[in-house]
Amino acid sequence: MPPIENDTGKNELKTQIQQLIDSNQVMVFSKSYCPYCVQVKDLFKELKIECNVMELDLMENGTNYQEMLLEMTGQRTVPQVFVNKTHVGGCDKTMQAHKDGSLQQLLSGETQAYDYDLIVIGGGSGGLACSKEAALLGKKVMVLDFVVPTPKGTSWGLGGTCVNVGCIPKKLMHQTALLATAIQDARKFGWEFDESVKHNWETMKTAVNNYIGSLNWGYRVSLRDKKVEYVNAYAEFVEPHKIKATNKRGKETFYTAARFVLATGERPRYLGIPGDKEYCITSDDLFSLPYCPGKTLVIGASYVALECGGFLAGLGLDVTVMVRSILLRGFDQDMANRAGEHMETHGVKFIRKFVPIKIEELEAGSPGRLKVTAKSTETDEIIEGEYNTVLIAVGRNACTDKIGLDKAGVRVNPKNGKIPVNDEEQTNVPHIYAIGDILEGKWELTPVAIQAGKLLARRLYGGSAVKCDYINVPTTVFTPLEYGACGLSEEKATELYGQENIEVYHSLFWPLEFTVPNRDNNRCYAKIICNKLDNDRVIGFHYLGPNAGEVTQGFGAAMKCGATKEQLDTTIGIHPTCAEVFTTLDVTKRSGGDITQSGC
Amino acid sequence: MAHRFLARRIWTLSVNELRCLPSSTATVASSSFSTSLHSVPNRASFLAPSRSPAVSHASLRRVSFNVQDNEDFTERVINSDLPVLVDFHAQWCGPCKILGPRLEKAVAKKKGRVAMAKVDIDDHTDLAIEYGVSAVPTVIAMRGGDVVDRFVGIKDDDQLDSFVSKVIGQ
């Protein structure tokens, strides 16, 4: 059969196909030998749904049909599945639709048109990545973002925690503190300068926030350019497929969507003691604080607490950290304690095994004076202290309690507000997904949320099957001496494999840059954990030293490739660097051998 | 050495490259900006022939107005009888702080034949998004409600004069 050349023939064929689509609940264009077509036909058989099948390979003018279908749907391959006049797609799309419930919905005739293909709740790293990717794949997408001001009234723009009150300002302020050390070192390297060096908080704050302003705008522009509809309003479910959006003027609008992604993130937790919300600040307030915080008490030993306490001390402020039990829960404790000790030797005071019970204002001001009363976790001892600023950093709560999840039937862990999902970020409600910090048992890291969001959109709308890999995620804590890690902590490795089956190699080291200023000798520390049962594969990587993020990133890639101890040993080091220490680790922790370093 | 390199970079940086871009290039733009903050005005005044009597501060203030909201924009920009230059700017954008006064000066010279509106893109995001603003400063020229011309980034006094002249059809 030759291709149809004239338009009349073409139009006739198109009408024929359209009639088939319109008159059958399920219409499948197939080829009799194609295994994917068989899979689809079997699915409908299994569902006991009658479907009309046209085997194109058994028809005289089958190729013409296929050409016309390409023109009509943009899809060349078979099977092509239509349910209640809607083009579902090929085999993968049909199976996916079956899995997430949208096929059942199409079959039941509930073809009510939703306003959007996808609504993403939360304009942070994960939500933005997911919404932009979905729009790129041709879907109609809306993203809603709304920042509820802190008790102190702090608020910010589009982009979520990382951009506004997390990674970005944190690292810039950490850099500010590192520069102070560099200035001190500079004299030892021969730089001569007379003026006393001072730091101006407001200059730093303004510069940092100007940069953030440009990022907020950049996100807004990229949503426009990628045709994602953005609404600055608070979203909550009123029905499984419907949300209510309330803007800052209190105006309510309702939107519906076929699918939803929850990406609402977390906010700092308060203590629930007298005076905490009235007088204390959190990391949500710190980075845009209009005045220098002065003498500061940091409550908590989370990474947020140690990073903030660290850079405040680096700016020359009097900083105390009040710790209930341990530093950096969940991280390798050997490393956490070393990072803490370094802070202590650089003037940060630690009050251990105490919890605050009351905060009182002695004097208002910018900053004012606060009195903190704290109680021992072990005895009846009560202590009091006076500070200009009290920063609470005792953890974060998932923002899942006020978004109407009960109305949508989404299951939430009542203990921590986190949302359990399967390995495809799907909640118990098939058309609702969740990504980012609100996931139960997953990393609370921006790049993880971005990756999960992107891959989710590609699976939903791009026919991809790639899932987000939450294993061997590298990360860095920007304490004054930075701590980079990838894989398992020593505690976790011991728990999983048993002490006898792991080998820990470690070493202290002295960065060349520290030698001339003669500081921090034998403070930096490198450690890897190897699985003896698996070819000495590296299952834990830990680095305490300068530029930890830069060092850890590459080793993270190596671990993704399954690097072994032998492969690290045969890697040539770059001299003189800190990272080269990982190519020459030969002392095991078990041996108790000397790990102090001297010379080349 | 480092200083010399920096100086050379500023010199080769053409003035209209100075603007705040969103996305990753923003870092580059703003870092080169901070160092050139001081050098650019000097260079501009060095290049530009000095102008006869400086426009007084009081008249400068009357030259432009801040757009209050969408309605205000419709009334005073779209429905304006005069051509209007709209200066989309942001608090966090350094180059905007240089361009704004220069543009006011250029507009003032036209003695009431062109108006100037200022739009803070963070306060009036919808307007900026609607008019396709991606980087700041962006200046659009409107006549009879239509956009007739636009530019992005910094321009020197001469360039601004000719831009404004073109808009009013001189």
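Predicted model: local features only at pLDDT ≥ 70, side-chain atom pairs only at ≥ 80, totals over all residues.

Me: What's the helix and strand content of residues 473–584 of chain A?

Reply: The span is 28% helix and 29% strand. Its end C-alpha atoms lie 24 Å apart.

Me: And what does UniProt give for residues 116–453 of chain A?

Reply: The annotation there is "domain: FAD/NAD(P)-binding", again from an unreviewed entry. That span is 33% helix and 26% strand, with 18 Å between its end C-alpha atoms.

Me: Switching to the interface. How many residues of chain A and chain B are in contact?

Reply: Nine residues of chain A contact 14 residues of chain B. The two chains bury about 1100 Å² between them. Carbon and sulfur atoms carry 67% of that area.

Me: What about the makeup of the chain A side that touches chain B?

Reply: Three residues are nonpolar, four polar and two charged.

Me: How many salt bridges across the interface of chain A and chain B?

Reply: Zero by the rule. Polar contacts do turn up there: five residue pairs, both residues at pLDDT 80 or more.

Me: And how many salt bridges over all chains?

Reply: The count comes to 40. One pairs A:Lys45 with A:Asp42, with the closest N and O atoms 3.7 Å apart.

Me: Where do A:Lys45 and A:Asp42 lie?

Reply: Both lie in helix H2 (residues 35–46) of chain A. They are three residues apart, about one turn of the helix.

Me: Disulfides next. How many over all chains?

Reply: Two. In one of them, A:Cys162 and A:Cys167 have their sulfur atoms 2.3 Å apart.

Me: Is the disulfide of A:Cys162 and A:Cys167 left-handed or right-handed, and why?

Reply: Left-handed, because the torsion about the S-S bond is about -140°.

Me: Now the backbone. Which residues does a cis peptide bond join?

Reply: In chain A, A:Val78 and A:Pro79 are joined by one, with omega about 0°. In chain B, one joins B:Val136 and B:Pro137, also with omega about 0°.

Me: Where are those prolines, A:Pro79 and B:Pro137?

Reply: A:Pro79 is in the loop between helix H3 (62–73) and strand E3 (80–83) of chain A. B:Pro137 is in the loop between helix H7 (125–130) and strand E4 (138–143) of chain B.

Me: Is phi of A:Lys353 positive or negative?

Reply: Positive, near 60°. A:Lys353 lies in the loop between strand E15 (349–352) and strand E16 (354–363) of chain A. Most residues other than glycine have a negative phi.

Technical notes. Residues numbered from 1 in each chain as written. Chains lettered and ligands numbered in written order. Heavy atoms only, no water. Contact = heavy atoms within 4.5 Å. Buried area = accessible area lost by both parts, 1.4 Å probe. Salt bridge = Lys/Arg side-chain N within 4 Å of Asp/Glu carboxyl O. Polar contact = N/O pair within 3.5 Å; in protein donor to acceptor, adjacent residues only side chain to side chain. Nonpolar A, V, L, I, M, F, W, Y, C, P; charged D, E, K, R; others polar. Helix = DSSP H or I, 4+ residues; strand = E, 2+ residues; numbered from the N terminus. Disulfide = S-S within 2.5 Å. UniProt positions renumbered as here; feature names shortened; annotations may be inferred.
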